[in-house]
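Please read each point alongside the sequence and the structure.

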Amino acid sequence: MASSNDDTNNVNNDNDNKDNGNREPLLKKHYYENCPGCKVDRAKEMTQGVPVKHLINIWLITLCSSLPISSLFPFLYFMIRDFGIAKTEADISYYAGYVGSAFMFGRGLTSVPWGMVADRYGRKPVAILGIIAVIVFNTLFGLSSSFWMAVTTRFLLGALNGLIGPMKAYTVEIVREEYHAIGLSTVSAAWGIGLVVGPALGGYLAQPVEKYPHIFSKGSFFDKFPYSLPSIIISVFALFVLASCLWLPETLHKHCDSSESHQDIEASDNRNMEKIVQKDENLLLNWPLMSSIIAYCVFALHNIAYQEVFSLWAVSPLRLGGLNFTTNDVGNVLSISGFVLLIYQVFLYPAMEKICGPIRLSHISGAITIPLLQSYPFMALLSGFTLHLLLTSASVLKYCLSQTIITGLLLLQNKAVDQHQRGAANGIAMTAMSICKSVGPAGGGAVLAWSQKRLNASFLPGSHLVFFILNLIEALGVLMMFKPFLAEKKTTPSEQLQ
């Protein structure tokens with residue numbers, strides 16, 4: 001009996017050993033020596049703290065890309081006026097919308113190809129080419145002497161600047177999983193700050209001969225090209241960022257055997273088969289991804305339309321329902337908004353996201369935004385310090401709420417796909433978002449021009465109309481963030497082992 005029990009125990013031990021042998025490969029990771037992605041993964045395992053260096057690189061690259069997008073809004077009204085293409089003053093906003101839309105239209109045509117290039121050749125080359133496009137075409141836009149030159153240079157700037165989508169994928173690849181929230185928050189913060197600081201630079205630096213005659217003299221280069229200084233400053237900043245990109249680590253896995261993917265490194269044969277099936281999956285059928293992209297696009301449309309409308313409305317004369325602000329006044333409001341947004345995204349958002357979760361926090365932000373926006377037309381009744389204080393406070397709150405929603409949706413998008421699809425997934429997101437954003441400035445400018453022609457209407461007169469339409473778009477986006485429309489990807493047991 002004792003011998004029989006011993007034989008049974010030996011058999012059980014052998015089975016346990018076999019089971020352990022079968023399970024070990026599931027947890028064991030293998031790295032390829034010359035693969036840049038493997039080097040990054042190995043470094044992530046060895047580093048436990050917050051990757052501050054990587055976050056700074058991500059912040060600078062994203063900021064470089066976002067600064068030119070809306071830097072033109074404070075002076076675009078005056079630029080279109082100087083081109084002499086608008087027949088009436090109320091038509092200026094109409095033509096301004098087309099210049100504002102050209103960038104997003106160009107980016108919408110090329111975002112998916114740039115994502116595919118990033119998945120094939122790496123994130124770093126796309127980032128470098130995007131920054132070069134900023135340096136060249138942003139500078140040329142500042143030198144525009146006609147309406148069509150402005151439209152063309154903005155279109156090329158958007159079409160050849162495809163780094164935002166790949167940078168979102170890069171962010172979740174360069175940092176450990178526990179830091180994904182702060183990583184994407186860094187992207188969102190840099191993006192949001194660029195969309196605020198860019199217009200601030202445009203407001204302060206446009207028409208420098210008129211504002212700073214003791215520095216810039218009549219008849220000088222900046223007198224001939226009064227809107228070139230903001231573009232030149234942004235391009236010089238981009239040049240320094242380009243130099244820093246030379247030391248940017250690549251995260252894409254490149255193995256000598258083309259049949260092996262990143263999943264082959266970390267998984268057993270069974271998990272390999274699961275990943276291969278996922279790789280052949282159509283991203284357009286991934287509803288957690290597509291639902292977050294659709295909601296993201298609605299808010300992107302709202303945000304870009306708001307940015308254009310706000311600047312054009314603020315500098316419009318009082319007789320058209322505007323605030324009669326100077327470009328410096330707009331710059332003051334937006335620079336304060338950008339500073340507060342930076343503090344919020346870095347210090348407050350990560351803690352709030354842990355407490356409430358990204359979706360619930362987005363619900364709250366959307367609900368607050370609607371009454372806030374509808375209060376804007378009533379601010380035109382104020383003047384002096386009270387007007388500046390309330391408008392600045394409203395602007396700060398609006399930008400913080402908007403970035404809260406965008407960051408939450410970015411988290412959902414990148415969790416909905418695996419690494420080998422993130423570039424393409426973000427390319428789809430950027431294409432859809434760019435198409436919506438190309439509609440935003442043109443639509444916002446056209447609606448503002450229309451509203452300024454119906455100041456005496458009985459229903460939603462003047463600027464009340466344009467902010468009401470902005471609120472309709474916001475309300476649609478808020479509804480899309482609820483189930484059953486918005487879906488979150490369920491984590492499988494195999495993904496939990498990664």
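1. Helix 7 (residues 147-159) has 13 residues, which at 1.5 Å a residue should span 18 Å; its end C-alpha atoms lie 19 Å apart, in agreement. The expected span is 1.5 Å times one less than the number of residues. Helices are DSSP runs of H or I with at least four residues, strands are runs of E with at least two, and both are numbered from the N terminus.

2. This is a predicted model, in which local features need pLDDT of at least 70 and side-chain atom pairs count only at pLDDT 80 or more, while totals for chains, interfaces and linings use all residues. Residues are numbered from 1 along each chain as its sequence is written, and side-chain values use heavy atoms, with hydrogens and water left out.

3. Which residues of helix 7 are buried? They are Phe147, Ala150, Val151, Thr153, Arg154, Leu157, Gly158 and Ala159. Buried means under 20% relative accessible area, exposed over 50%, and partly exposed in between (1.4 Å probe, protein chains only). The cover over these residues includes helix 3 (52-70), helix 4 (73-83), helix 5 (92-121) and helix 6 (123-142).

4. The charged end of Arg154 sits over the ring of Phe141, 5.5 Å from its centre. The criterion is NZ of Lys or CZ of Arg within 6 Å of the ring centre and within 35 degrees of the ring normal. Lys398 likewise lies over the face of Tyr306, at 4.5 Å from the ring centre.

5. Aromatic pairs number 20, counting rings of Phe, Tyr and Trp (its six-membered ring) with centres within 6.5 Å; planes under 30 degrees apart are stacked, over 60 edge-to-face, and the rest tilted. Tyr94 and Tyr98 are edge-to-face, because their ring centres are 5.2 Å apart and their planes meet at 80 degrees. Both lie in helix 5, four residues apart, about one turn of the helix. Tyr94 is partly exposed at 36% relative accessible area, and Tyr98 is partly exposed at 39%.

6. Phe216 and Phe222 also form an edge-to-face pair, 5.3 Å centre to centre with 80 degrees between the planes. Phe216 is buried at 17% relative accessibility, and Phe222 is buried at 19%. Elsewhere, ring pairs link Tyr306, Phe310, Trp313, Tyr376, Tyr399 and Phe467 into a cluster.

7. For the protein chain as a whole, there are 22 helices and zero strands. Of its 498 residues, 56% count as buried.

Methods
Contact = heavy atoms within 4.5 Å.
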